[in-house]
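Visitor: I would like to learn how to read a structure of this kind. Please take one feature at a time.

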Amino acid sequence: MQSINVVNNNKKTHALLIPKNEWTRLKKILTKKDEDKAAIEMRKQLKDERHATSKAMSESWATTVLNKRKKGHEDRLKLLAFKEARQHEKDEIIKLKILKRRNAVVEKALLKKWLDRDSTKALNRAVHKVEVFKERSMQIEFNEAQKAKELEADCLLKIEQNLDAERYKTNRREQKIKQAETKKAYAAVLLNELKEREIIKSDNVVKLREEGKVELQRIANEIAEDIKNKKAKALATRENVLYHINESRKIKAENIKRRQLEDEKENVLISIMAEAKKKMARKRKLKEIEILKERQLLLEKLVKTITNNNQDKEEIAIQKAIEEKEQKYQEEELKKNVLMKKRIEDFENNKKILDEENRNEKERLTLSYQWELERNLRETEMLRSLETSRKQAKTREMNRFRENLNLQRDNNRAATRANKQVDIEEYNAQLKLWQQQDEEFMTYNKNMIDKYQKDGISVIPLIKAIETYDQDIKLSTMDHLQQGWFTESETWPGAGLSLQVDKVLHKEKSQYQDIMILQTKSFGKALILDNIIQCTEFDEFSYQEMISFLPLCSHPNPERVLVVGGGDGGVAREAVKHPKVLSVDVVEIDERVVKLSEQYLPFMACGFKHDKVTLHIEDGFEFMQNNAQRFDIIITDSSDPVGPNESLFQKTYIESLKRSLKPGGIICSQVGSIWIKEDQDTMIRLSKDCSANFKKVTLATMSIPSYPTGNISFILATDNELVNFKVPAYSFTLEELNNHKLKHYSPDVHSSSFSIPRFARMIIPHINC
């Protein structure tokens, strides 16, 4: 830049000659104004579009707490926009001042150029040089004053920025307090809603129980009526049978009497015939005696007549008379024999007729008895068919009732899943909106920092404000994280278990539950489901070893093992260490738990990589219904009875376990702490259901620091009366314990875990071994 004198109309004017590079720089300053205006308009347009989209999305979201957060965020953005506008106004003022100076310089340069062309006024240049020097000194003084003013303005700006930062901090504190109050109010509202839901649920349960009692009473009345009808029919049939038996007895007695009379008649006839034979024999003997006597007399007479030769004729006459008498006697004997034969034939014919009549009577009686038996059989068959039809009707009715209940349950589950899915989608949309707004806010802050650094303005207050905002946003997204601590209080009424958190590794809401993985200070990595601690890197081995080897080492031959739950893979990792185990099926309903465990908890998820392990992503309840009498051991590794695990603590689940077990199999399930009232109620209910389905039920307990009260219990049950839970059927040797790297379980720990306190045994009466 050079100083020249310009002569115009005999007037000498001092001017400055500007080089080309300086002129292009001034030209850029002038053109930059238009570019800045276009950039400001584009920025305003983008802001308007962003506010419109965020407003539309926020109006679709019905949660008041999120709207308040959004309003606070909008207030912060408005404050930053206001500050940006003020800074922009200051920049415009500075640009106008620079433009005025440039115009003045250009005018002076033009005047000097024209004055230099006038040779006649060259002498006046020396005079004007003094004026130029004076102007320079004045300009230097003016520039120094201007610099002082700018310094004062910068100081005031920094003071204002500090005040703005303080105001922002106070606003953030107030917003935090308000957010905490709104959270408390929202939590109170949620608690009231939960209480109302529990009351409604309990009322529904009571109604269902009453309806069930009424239904059972009706069924009992029907059964009693059926029993009465059966008894009445049985009595009628019995009376009928007794009547027929009496009739048959009477008929038999009459037949016996008739037979006796016939036998007496036969005996009389036989006796008469015998007497007649005796009489005839006597008569025959008498006649023979008479004939002998007559012969003797005739012989005597013959002897006498022999002496008398003249008596020959008389002897011949006597001989003829004797022969005639003999012939008559023979004829009479023949007649008598004929009569006797006729009588014998008549007697035999009459006997045959009587035998045939008796035979016919017997056949008639046997036929009538068979007909009566057939009629009784038909009646009993009809009664049985009627009873079976009634039973089938009852079973159909009960099955229909169960199907309706199952349909209602499935519909309720589908509705809750759909509601959860809608909530998840809305939550994810709002989370994306927050992330987008945070990203825009952070880019805007980076641009502001770059601008302040170019302008030479301090950016430390702005960076501190951004850091506090970022930290507050991170902490506000975690419900149970306050000031770097996670607290579990739902499972421990009136108390809580807290873990100091270094970092939130992952947080999401799956289809079934809230999942969070934390990096803690003392317990390593921790898996949190629905704000309940499931396992920690520090002590997970003790839980996994005990829930696995208590049932496995109590069974004589545990070849097939089923794990319901266990999405972290810890139980599968331990179960395959038993030498007799051939296969392990793990059924997990939430696939996200498995994926996140493989990503963040590989020291447990390594169990899924073993050849003996098969992973099934489905409902454990439905899986067991399709696999009857298949497993030797069933381990239920679930969280507390909330959300998707609620069905694993019902009576129907115990019945499904019984169906899926082989004869002599063992079940094992975690049932919480013996020191918590809610868990005691769960133990009482489950032990009662197990005792109704299994012959032997027992309880084991252990200590673990990351669980409520530092205690957790397991319920075990079996139908094998030879199983002694306190004495392991398989004992690991010291070499096996070292090879498998078992840190908690041993045969001594196995036996001692079944020694539970007296108060627990008194509270839970259904434990029978």
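Visitor: What percentage of the residues of the protein count as buried?

Guide: First, the ground rules. This is a predicted model, in which local features need pLDDT of at least 70 and side-chain atom pairs count only at pLDDT 80 or more, while totals for chains, interfaces and linings use all residues. Residues are numbered from 1 along each chain as its sequence is written, and side-chain values use heavy atoms, with hydrogens and water left out. Buried means under 20% relative accessible area, exposed over 50%, and partly exposed in between (1.4 Å probe, protein chains only). Of the 769 residues here, 34% count as buried.

Visitor: How many helices and strands are there in the protein?

Guide: Helices (H or I, at least four residues) and strands (E, at least two) are DSSP runs, numbered from the N terminus. The protein has 15 helices and 15 strands.

Visitor: Which residues have the most contacts inside the largest nonpolar core?

Guide: In soluble globular proteins, nonpolar side chains tend to be buried together. A nonpolar core is a set of buried Ala, Val, Leu, Ile, Met, Phe, Trp, Tyr and Cys residues joined through side-chain atoms within 4.5 Å. The largest one has 39 residues, and Val561, Val584, Phe714, Leu716 and Phe732 have the most contacts inside it. Among the elements that each supply at least two residues of this core are α6 (540-552), β9 (560-565) and β15 (711-718). Helix α6 gives the most, with six residues. A second, separate core of 27 residues includes Val564, Met624, Leu657 and Cys690.

Visitor: Which residues is Phe714 in contact with?

Guide: Contact means heavy atoms within 4.5 Å. Leaving aside neighbours within four places in sequence, the partners of Phe714 include Tyr543, Met546, Ile547 and Leu550, as well as Cys668 and Leu699.

Visitor: How many of the residues of α6 are buried?

Guide: In α6, 12 of the 13 residues are buried, so this helix is largely enclosed by the rest of the structure.

Visitor: How many salt bridges does the count come to?

Guide: A salt bridge is a side-chain nitrogen of Lys or Arg within 4 Å of a carboxyl oxygen of Asp or Glu. The count comes to 12. In one of them, Arg592 pairs with Glu508, with the closest N and O atoms 2.8 Å apart. Arg592 lies in helix α8 (residues 591-600) and Glu508 in strand β5 (residues 497-509), so the pair ties together parts that are 84 residues apart in sequence. Another joins Asp632 and Lys662 (3.9 Å, N to O). Asp632 is buried, at 7% relative accessible area, whereas Lys662 is partly exposed at 25%. There is also a network of salt bridges that links Glu540, Arg573, Glu574 and Lys577.

Visitor: What is the phi of Thr709 near?

Guide: Most residues other than glycine have a negative phi. Thr709 has a positive value, near 65 degrees, and is found in the loop between β14 and β15. Lys741 also has a positive phi, near 55 degrees. Lys741 lies in the loop between α13 (734-739) and α14 (747-752) and is exposed, with a relative accessible area of 66%.
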